[in-house]
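Subject: Structure handover

Hi,

Here is the structure I promised to pass on. Have a look at it first, and then read my notes below.

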Amino acid sequence: MSHSTIRAYQRSDAAGVVRLFDALGYPATTAEIAHDRFMASNGIKQCLLVADVAGEIAGWVHVCQMPSIVAVPYAEVRAIVVDPARQRGGLGKQLMAAAEAWATQTLAAGKIRLSSNITRNDAHRFYARLGYVSSKTSHVFEKVLDQTVLNKEEACTTRN
């Protein structure tokens, strides 16, 4: 594996971050990311960490504080992706370790959590190797509240 640096996201990383969105299955544009789509936090502490390999963004992880009225606040990995050509080389493990360190140092979190689509079996094995355990199964329900907002979001993600 090439030498990698795990560091905080900078606006100049936007194109590299967006390039990896396709691997996750969630489209985005460079403009959305460059304008801090992730950092519109509404007061919630969060961090986007990137794996920089020779000046190329080879992976990233988004971790944030999850306040809760029904549980002790915790950290949550909202997304993690490694360039498919670089998977199984240790970058995912480095990104998760950096996310855990950020959660411990910045949030004083006692727990970190993540969700993973039921179809991502390789990811489940990866998380288990890192010491994560499946703690519950849920169904995700959604309801469209304003189609015009969704149309604007779709228009943004198709302009690449």
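I say that a charge sits over a ring if NZ of Lys or CZ of Arg is within 6 Å of the ring centre and within 35 degrees of the ring normal. Y74 has two such neighbours: K111 lies over its face, at 5.8 Å from the ring centre, and R113 has its charged end over the ring of Y74, 4.6 Å from the centre.

Some housekeeping before the rest. This is a predicted model, so to speak of local features I need pLDDT of at least 70, and side-chain atom pairs count only at pLDDT 80 or more, while totals for chains, interfaces and linings use all residues. Numbering runs from 1 along each chain as its sequence is written, and side-chain values use heavy atoms, with hydrogens and water left out.

On to the rings. Phe, Tyr and Trp rings (the six-membered one for Trp) pair if their centres lie within 6.5 Å, and planes under 30 degrees apart count as stacked, over 60 as edge-to-face and the rest as tilted. The structure holds 3 aromatic pairs. In one of them, F21 and W60 have ring centres 5.2 Å apart and planes at 35°, so that pair is tilted. F21 is in helix α2 (residues 21-24) and W60 in strand β3 (residues 56-66), so to speak distant parts of the chain, 39 residues apart. Helices (H or I, at least four residues) and strands (E, at least two) are DSSP runs, numbered from the N terminus. Both F21 and W60 are buried, where buried means under 20% relative accessible area, exposed over 50% and partly exposed in between (1.4 Å probe, protein chains only). Elsewhere, ring pairs link F126, Y127 and Y132 into a cluster.

Next, the charges. A salt bridge here is a side-chain nitrogen of Lys or Arg within 4 Å of a carboxyl oxygen of Asp or Glu, and a search of the whole structure finds 8 of them. One joins R7 to D13, with the closest N and O atoms 2.7 Å apart; D13 counts as buried, at 5% relative accessibility. Another joins R19 to D83, at 3.0 Å between the closest N and O atoms. R19 lies in helix α1 (residues 14-19) and D83 in the loop between β4 (74-82) and α4 (91-107), so this pair ties together parts that are 64 residues apart in sequence. R19 is partly exposed at 38%, whereas D83 is buried at 11%. E56 and R86 also meet in a salt bridge (3.8 Å, N to O), linking strand β3 to the loop between β4 and α4 across 30 residues. E56 is partly exposed at 32%, and R86 is partly exposed at 27%. Salt bridges with shared partners join R19, E56, D83 and R86 into one network.

Finally, the inside. A nonpolar core is a set of buried Ala, Val, Leu, Ile, Met, Phe, Trp, Tyr and Cys residues joined through side-chain atoms within 4.5 Å. The largest has 24 residues, and those with the most contacts inside it are V61, V63, V77, I80, M96 and Y127. Two or more residues come from each of β2 (46-53), β3, β4, α4 and α5 (121-129), and α4 gives the most, with 7. Apart from this core lies another, of 15 residues, including A14, L20, W60 and A79.

Cheers
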